[in-house]
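I'm opening my notebook on this one and jotting things down as I look them up.

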Amino acid sequence: WDRVKLAQALLRFKEAKTVVLDMVFSEPTNESSDAQLGDAIGELGNVICGFFFDQKERQGIDESRLELLNDSAIEDINAQSVELTEYNYIEPNIETIMEQCMFNAPFNTIPDIDDRFRRYPAGLVFKDSHYAPLGLSALQVILNKRISLGEVDGEFKVLLGEKALSVDDNGFILLNYYANDALYQTVSIIDVVDGTVPAQFFKDK
């Protein structure tokens with residue numbers, strides 16, 4: 001899709017509590033389209049933009065985007081007992097988009113040896129800064145609480161206000177797959193754009 005169409009689609013989510021983009025816009029298209037998508041993200045004011053860390057060399061990140069990225073880093077860290085996964089390279093969004101995001105968050109996940117996903121990273125490290133992954137960053141907005149990493153009764157935890165998520169020795173949170181499927185509704189973005197799914201559907205979601 002042209003980024004103009006993505007911008008139009010995003011503006012249908014004005015009733016949502018938070019919007020999470022699990023896609024990366026790492027290359028410019030044309031100035032007008034990029035600007036319209038950035039403006040739509042900024043107008044919503046609650047968009048968490050995904051990007052990708054890697055161990056292989058990518059395009060890199062300039063100083064201005066690194067500064068924007070640092071605005072999303074976890075600031076409160078009070079635990080040394082767990083070493084989180086560290087990355088050397090990054091595929092970030094273009095600055096026009098990145099500067100409009102409420103948070104910029106990595107959507108990296110790491111499978112088990114059988115390629116199944118049972119765990120979710122508590123945080124990821126890049127250039128000595130710690131970043132909450134996409135899902136945890138969304139919780140920050142939903143709960144209106146900034147993430148901190150610390151120890152509770154000698155155990156490493158991800159802390160969100162009064163909520164504490166247990167973390168294993170490798171820096172991962174065990175995923176809970178036992179929720180009722182009815183809790184997760186999916187709709188087509190085409191139906192959102194053409195009004196088949198009304199904007200009110202996303203209120204407070």
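Is Arg65 buried or exposed, and what is its relative accessible area? I keep in mind that this is a predicted model. I looked it up: the relative accessible area of Arg65 is 10%. The cut-off for buried is under 20%, so Arg65 counts as buried.

**Around Arg65.** I found Arg65 in helix 3, which covers residues 63-70. Its side chain gets to the backbone oxygen of Asn93, at 3.0 Å. Next I listed its contacts, skipping neighbours within four places in sequence: Gln59, Gly60, Pro92, Asn93, Ile94, Glu95 and Met98.

**Helix 3 as a whole.** Which residues of helix 3 are buried? I noted Arg65, Leu66 and Leu69. Looking down the helix axis, I see these buried residues within an arc of 105°, so they line one face of helix 3. On the face turned away from that buried side, I spotted the exposed residues Glu63 and Glu67. Then I checked what covers the buried residues, and the cover includes strand 2 (47-54), strand 5 (89-91), helix 4 (95-98), strand 6 (103-106), strand 8 (124-126) and strand 9 (129-131).

**The largest pocket.** I moved on to the largest pocket and wrote down a volume of about 1,600 Å³. It is lined by 39 residues, and closest to its centre are Val20, Asp22, Ala138, Tyr184 and Gln185. Which element gives the most to this lining? My note says helix 5, with four residues. I also sorted the lining by type: 30 residues are nonpolar, seven are polar and two are charged.

Definitions and conventions: Residues numbered from 1 in each chain as written. Predicted model: local features only at pLDDT ≥ 70, side-chain atom pairs only at ≥ 80, totals over all residues. Heavy atoms only, no water. Helix = DSSP H or I, 4+ residues; strand = E, 2+ residues; numbered from the N terminus. Buried < 20%, exposed > 50% of the residue type's maximum accessible area, 1.4 Å probe, protein only. Polar contact = N/O pair within 3.5 Å; in protein donor to acceptor, adjacent residues only side chain to side chain. Contact = heavy atoms within 4.5 Å. 1 Å grid on protein atoms, 1.4 Å probe; cavity = no way out; pocket = protein on both sides within 12 Å on 5 of 7 lines; lining within 4 Å. Points joined across faces, edges and corners; volume = space filled by probe spheres on them. Nonpolar A, V, L, I, M, F, W, Y, C, P; charged D, E, K, R; others polar. Arc of directions from axis to C-beta.
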